[in-house]
Amino acid sequence: METYSIDKEISVFFVQAATFPEDIGGAWQKLHSLLPAGRTGPLYGISNPGPNRNIIYRAAAAESFPGEGSQKGCETFLIKKGPYISEFLPDWKKDETVIGKTFQKLLHQPGIHPQGYCLEIYENENDVRCLVLLE
């Protein structure tokens, strides 16, 4: 585990999974269908507890220009700048359960922001960074 800093806020548009964890794949498929071919840059997974203690999961991409999300019929979310507790997971697809296990470890660290969220940053298809906002 390490501290990771996001230097500036990131405006993303997202597709929300209908249910967690069952529809995570569907949310990603829908997001990919909205992205232009050849688009580069990281993708994001954002999750937090919902009103009924259920998990709300969003598959997201950074807006290339202001208003891109609304143009595509999507809601937007602002990833906060600041310090996060983090763990990098190379080749996560070998065992997809490693993401949930990693967040369970991160969420039990001291100094977690009470209104924070779990953030996944996918720099490429094989590697993911799991992060939780610190106070």
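Leu134 is buried in this predicted model, with a relative accessible area of 16%, a value that falls under the 20% limit for burial. This residue is found in the segment after S8. Leaving aside its neighbours within four places in sequence, Leu134 is in contact with Thr3, Pro83, Tyr84, Ile85, Pro110, Gly111, Ile112 and His113. Between Leu134 and Lys8 there are 15 Å in space, C-alpha to C-alpha, and the two are 126 residues apart in sequence.

**The sheet**

An open sheet is formed by 8 strands, in the order S1-S6-S8-S7-S3-S4-S2-S5, and its pairing is antiparallel. Its edges are taken by strand S1 (2–6) and strand S5 (75–79); each has a single partner strand, so one side of each is left without a neighbour in the sheet. On average, neighbouring strands of this sheet are turned by 35° against each other, direction ignored. Strands of a sheet pair through backbone hydrogen bonds, in either the parallel or the antiparallel sense.

| Strand pair | Sense | Bridges | Residue pair |
|---|---|---|---|
| S3 (residues 43–49) and S7 | antiparallel | 5 bridges | Leu43 and Tyr122 |
| S7 and S8 | antiparallel | 5 bridges | Cys118 and Val132 |

**Strand S7**

Burial extends through S7: 5 of its 5 residues are buried, so this strand is largely enclosed by the rest of the structure. In a regular strand the side chains alternate between the two faces of the sheet. In S7, Cys118, Glu120 and Tyr122 point one way, whereas Leu119 and Ile121 point the other way, and all are buried. The residues on either side of S7 in the sheet order belong to S8 and S3. Tyr122 is the bridge partner of Leu43, and Cys118 has Val132 of S8 as its bridge partner.

**Helices against the sheet**

Helix H1 (residues 24–34) lies across S2, S3, S4 and S7, and runs at about 20° to S4. Helix H3 lies across S6, S7 and S8, running at about 30° to S8.

Within H3 (residues 97–107), the buried residues include Ile99, Thr102, Phe103 and Leu106. These cover an arc of only 100° around the axis, which puts them on the same side of H3. The cover over the buried residues of H3 includes strand S6 (82–89), strand S7 (118–122) and strand S8 (128–133).

**Cysteines**

The structure holds 0 disulfides. Cys118 is in no disulfide, and the nearest cysteine sulfur, that of Cys130, is 8.4 Å away; a disulfide would require the two sulfur atoms to be within 2.5 Å. Cys118 is buried, with a relative accessible area of 10%. Cys74 has a relative accessibility of 13% and therefore also counts as buried.

Key
Residues are numbered from 1 along each chain as its sequence is written. This is a predicted model: local features need pLDDT of at least 70, side-chain atom pairs count only at pLDDT 80 or more; totals for chains, interfaces and linings use all residues. Side-chain values use heavy atoms; hydrogens and water are left out. Buried means under 20% relative accessible area, exposed over 50%, partly exposed in between (1.4 Å probe, protein chains only). Helices (H or I, at least four residues) and strands (E, at least two) are DSSP runs, numbered from the N terminus. The arc is that of the directions from the helix axis to the C-beta atoms. Contact means heavy atoms within 4.5 Å. Two strands pair if DSSP finds at least two bridges between them. Axes are lines fitted to C-alpha atoms, for helices over the stretch in contact, and angles run from 0 to 180 degrees between N-to-C directions.
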